[in-house]
Amino acid sequence: IIDLVRRETPLYELLPKRSIRGKFVDFNQMTARNAAVFLPEGAALAVADDTYARTVIAVKYAYAIGKVTGPANASMRGYIDILREQVQTHTVSLVQLLENEIINGSIAVNPNGFDGLLIQIVTNVTALAGAPLTIAALRTAILQARAGSIVRGLPVGGGNPNLIVTDLARVDQIKALLQGWLRYPAPTVSLAWGIQTVEFEGIPIIFSKYMSTAANVGNLIVLDTSVVYLAILQDIVLEELAKTDDAMKFMIKWYGCLVVRAETFCAEVNTIA
C-alpha cells in the first residue's frame with residue numbers, strides 16, 4: 001500500500017512533551033518583577049512584590065476509531081495483516097490531527113480541541129496584508145521574540161527563539177531571499193529524525209504541510225520551544241472496543257493539550273503574499 005495522502009508531522013515530533021496529572025494545566029506567569037532600589041543610610045525599607053497571573057488550560061481528548069470485519073480479515077490474511085494496517089493508519093491519522101491542531105487549532109471553531117500556535121501567539125503579531133515576505137519582516141519577528149514585545153524600546157524580557165515554522169511556499173520565498181548571500185557550504189542544519197533544513201540567524205526553518213500555501217494567507221511562526229510543549233495526560237494508546245458484530249473495533253486515543261507558557265517569547269507574521 002502506497003500512501004498518497006502522506007503528510008509529515010514535524011511539530012508533533014519536535015515539540016517537547018511533558019506528562020501531567022489531572023484535567024487541567026495550571027501555571028503562574030510573572031508579569032512584573034519587584035523593583036530593587038538604592039537607598040540612603042537608615043532609610044525605611046518598603047516591601048516590593050512581584051506580580052503574577054494565573055493561567056489554566058483544559059486537557060482535550062482526541063480519537064481515531066477503526067473497524068475490521070471478520071470476512072475482510074480472513075480474505076486478506078494471505079497477503080496483508082489488515083488489522084495491523086488499520087491500527088497503523090489510524091495512529092497516523094491521530095498524529096496528523098494533533099499536528100494540525102498544534103498550528104491551526106481554535107476553541108472558538110471546535111470547543112473539543114485546543115488553541116493552536118496561531119491563536120495563542122497574540123502579542124508579537126505582524127500582518128503583511130498580502131505583501132511579500134522580506135528579510136526585514138523576518139528579522140523583526142525574531143527581534144520581537146527576543147525582546148518580549150512588539151514595541152520598540154527597552155526589552156521587557158524575552159525568549160531565545162530556536163525554531164521558525166512556516167509553509168512550503170514561504171520556505172521557497174526565504175530561500176530566494178537568501179540566495180544572494182549563499183556561500184559554500186550553504187547555511188543548513190540537521191535536526192532530530194534526519195530533518196535537514198535551512199537556517200536564518202542560526203535558527204532552523206522547517207515547514208509543515210498543515211500551513212496553507214495559498215497567496216496572501218501565509219503564516220510564519222518564530223518559536224522559543226523552551227516555553228512551548230505538549231502536555232500529555234494519556235499518550236497514544238490502542239484500546240479494543242466492545243465486539244457487537246463480526247468485526248474487530250478499536251480506538252486510538254490521546255489526552256493532552258498545547259501549552260505556550262510565554263507567548264511573548266514567540267512571534268508571528270501572517271497574511272504573507
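Guide: What follows takes the labels one by one; note that the model is predicted.

Visitor: How many aromatic pairs does the structure hold?

Guide: The structure holds three aromatic pairs.

Visitor: Why is the pair of Y63 and Y255 called edge-to-face?

Guide: The ring centres of Y63 and Y255 lie 6.4 Å apart, with the planes at 65 degrees. Centres within 6.5 Å make a pair, and planes over 60 degrees apart count as edge-to-face, so this pair is edge-to-face. Y63 belongs to strand 4 (residues 60–69) and Y255 to strand 12 (residues 247–260), so the pair ties together parts 192 residues apart in sequence.

Visitor: What makes Y255 buried?

Guide: Its relative accessibility is 17%, and buried means under 20%, so Y255 counts as buried. Y63, with a relative accessible area of 40%, is partly exposed, because that label covers values between 20% and 50%.

Visitor: Why is the pair of F114 and W254 called tilted?

Guide: The planes of F114 and W254 stand at 50 degrees, with the ring centres 6.4 Å apart. Stacked needs under 30 degrees and edge-to-face over 60, the rest being tilted, so the pair is tilted. F114 sits in the loop between helix 3 (82–104) and helix 4 (117–120), and W254 in strand 12, 140 residues away. Both F114 and W254 are buried.

Visitor: How do you know that K17 lies over the face of Y12?

Guide: K17 is at 4.5 Å from the ring centre of Y12, and the distance limit is 6 Å. R18 likewise lies over the face of Y229, at 4.5 Å from the ring centre.

How values were computed
Residues are numbered from 1 along each chain as its sequence is written. This is a predicted model: local features need pLDDT of at least 70, side-chain atom pairs count only at pLDDT 80 or more; totals for chains, interfaces and linings use all residues. Side-chain values use heavy atoms; hydrogens and water are left out. Rings of Phe, Tyr and Trp (its six-membered ring) pair if their centres lie within 6.5 Å; planes under 30 degrees apart count as stacked, over 60 as edge-to-face and the rest as tilted. Helices (H or I, at least four residues) and strands (E, at least two) are DSSP runs, numbered from the N terminus. Buried means under 20% relative accessible area, exposed over 50%, partly exposed in between (1.4 Å probe, protein chains only). A charge sits over a ring if NZ of Lys or CZ of Arg is within 6 Å of the ring centre and within 35 degrees of the ring normal.
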